Amino acid sequence: MKAPVTAAAAAVLLVTTGSASYAREPRADAACAGQLIANPGFERGATGWTAGPRIVVVGDEARPAHHGRAYAALAGLDVTHTDLLRTSVTVPAGCTLTLRFWVRTTTTETSRGDHLNVGLAVTGVPPKTYFALSSDGSPQWYQYTGTAAAAPTERVATVSFAASESAGNGVTAFDVDDVRFTLS
Ligand SMILES: [Ca+2]
């Protein structure tokens with residue numbers, strides 16, 4: 001006998017961010033589908049993103065993009081500074097939001113002084129969900145995910161990538177590609 005996939009069963013799989021008490025809308029809500037970020041893989045440069053001037057680069061054979069030709073490159077200078085990459089989307093009422101992104105970390109750092117902090121901020125959902133990726137991250141492209149449960153009102157979701165690098169103990173480059181906000 002086939003058990004129907006219910007909304008309640010699907011919700012169990014979610015890593016919620018504090019809004020578990022909200023009732024899910026019926027699946028008949030056709031707006032809860034698709035991907036929201038217009039330029040998720042940086043193939044059109046920084047279009048749609050707030051980004052520093054040197055963040056988007058075109059890959060080569062030695063450092064290929066995860067998908068397509070371009071990706072966002074943060075840090076990698078062995079200079080004490082912060083690079084920021086950020087974009088926001090509107091999440092319709094009743095929709096669950098899933099964030100997926102890929103990161104590659106290339107480093108010679110010896111003091112764990114370089115970090116990539118990834119923030120997911122959603123209106124009315126404290127606390128924010130954070131990923132803190134340090135200089136011991138994967139040298140291959142690696143996917144990370146996060147989810148915000150559905151809410152009864154329209155919300156704004158912002159994903160931010162802040163790379164902080166300290167000078168003098170090695171170089172760390174954080175590469176980001178295919179950042180997707182998906183509704184369900
Ligand atoms: Ca790309």
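Among contacts in the protein chain between residues at least 6 apart in sequence, 79% link residues at least 24 apart, a contact being a pair whose C-beta atoms, placed from the backbone, lie within 7 Å. The model is a predicted one, so to speak of local features takes a pLDDT of at least 70, side-chain atom pairs count only at pLDDT 80 or more, and totals for chains, interfaces and linings use all residues. Numbering runs from 1 along each chain as its sequence is written.

As for secondary structure, the protein chain holds 1 helix and 10 strands, and its order along the sequence reads α-β-β-β-β-β-β-β-β-β-β. Helices (H or I, at least four residues) and strands (E, at least two) are taken as DSSP runs, numbered from the N terminus. Of the chain's 184 residues, 31% come out as buried; that label asks for 20 or more other C-beta atoms within 10 Å of a residue's own, while 12 or fewer makes it exposed and anything in between partly exposed, again with C-beta atoms placed from the backbone.

Then there is the matter of phi. Most residues other than glycine have a negative phi. Ala75 is not a glycine, yet its phi is positive, at about 60 degrees. This residue belongs to strand β3 (residues 70-75), and Ala75 is buried, because 27 other C-beta atoms lie within 10 Å. Asp178, also a residue other than glycine, has a positive phi near 50 degrees. Asp178 sits in strand β10 (residues 172-183) and counts as partly exposed, since it has 18 other C-beta atoms within 10 Å.

Methods:
Two residues are in contact if their C-beta atoms, placed from the backbone, lie within 7 Å.
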